[in-house]
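Hi,

Here is the structure I promised to pass on.

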Amino acid sequence: MSETTKRSKTAPSILSHDMHVVGQIFSTGDIQIEGRLDGDLRSHAVTVGEQAQINGEVAGETVTVFGKIKGIIRGKQVYLCATCEVDGDVINEALAIETGAKLNGAVKREKDPLKNASISVVTDEEKAKAEYI
C-alpha cells in the first residue's frame with residue numbers, strides 16, 4: 001500500500017475550537033484547525049476552519065482556508081474560501097480564491113512553494129547522510 005493511500009484513509013488530527021496552542025506543529029498527515037495557533041504549522045493537508053485563528057506560517061501540499069491567518073501561506077494547492085481573512089503573502093503552485101475571500105498580501109507563484117518553509121521536512125536519506133558525516 002502506497003503512503004498516499006495510507007494517508008488518505010486516516011482521519012485528520014484536529015485542534016478543536018477550545019484549544020489554543022503556542023509553538024510549532026508538524027505532521028505528515030492531515031490537520032484540521034478549529035482553534036487558535038500562535039506559531040508555524042506544516043502538514044500534508046491543512047484545513048483552517050471558519051472560527052480558527054492562526055498567527056504564523058502555514059505550509060502544506062494542500063491548504064484550505066475558511067478562517068483567519070496572519071502570516072505566510074505556502075502550498076502547492078491553496079484554496080481561499082469565501083469566509084477567510086488572510087493578512088500575509090500566499091506562495092503557491094496553484095491558487096483558487098472564492099468571491100468574498102479577504103486577502104491582504106502578495107500572491108507569488110513558485111514551482112516549489114514549500115522549499116523555504118519555516119518548518120522543513122528532513123527525509124530518511126538526509127538523516128542518514130548527516131549521521132555519516
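The largest nonpolar core in this predicted model has 20 residues, and Leu 41, Ile 54, Val 65, Ile 73 and Leu 80 have the most contacts inside it. Two or more residues each come from strand 4 (30-33), strand 6 (41-48), strand 8 and strand 10 (73-80). As background, nonpolar side chains in soluble globular proteins tend to be buried together.

Take Leu 41 from that list. Beyond four places in sequence, Leu 41 is in contact with Ile 25, Ile 31, Ile 33, Val 46, Ile 54, Glu 57, Val 58, Ala 59 and Ile 119.

Next, Thr 64, which sits in strand 8 (residues 58-65). Thr 64 counts as buried because its relative accessibility is 16%, with the cut-off for buried being under 20%. Sequence neighbours within four places aside, Thr 64 contacts Val 46, Thr 47, Val 48, Tyr 79 and Cys 81.

And a loop residue: Ala 117 lies between strand 14 (107-109) and helix 2 (124-132). Ala 117 is at 10% relative accessibility, so this one counts as buried too. Leaving out residues up to four places away in sequence, Ala 117 touches Arg 42, Glu 57, Ala 59 and Arg 74. Gly 75 is 42 residues from Ala 117 in sequence, with their C-alpha atoms 9.6 Å apart.

On confidence, the chain averages a pLDDT of 88, and 84% of the residues score at least 70. Residues 1-7 are below 50, and that stretch has 6 contacts in the model beyond near neighbours in sequence. Where pLDDT is low, the predicted coordinates should not be read in detail.

Cheers

Note on methods: Residues are numbered from 1 along each chain as its sequence is written. This is a predicted model: local features need pLDDT of at least 70, side-chain atom pairs count only at pLDDT 80 or more; totals for chains, interfaces and linings use all residues. Side-chain values use heavy atoms; hydrogens and water are left out. Helices (H or I, at least four residues) and strands (E, at least two) are DSSP runs, numbered from the N terminus. Buried means under 20% relative accessible area, exposed over 50%, partly exposed in between (1.4 Å probe, protein chains only). Contact means heavy atoms within 4.5 Å. pLDDT is the predictor's confidence in each residue, from 0 to 100. A nonpolar core is a set of buried Ala, Val, Leu, Ile, Met, Phe, Trp, Tyr and Cys residues joined through side-chain atoms within 4.5 Å.
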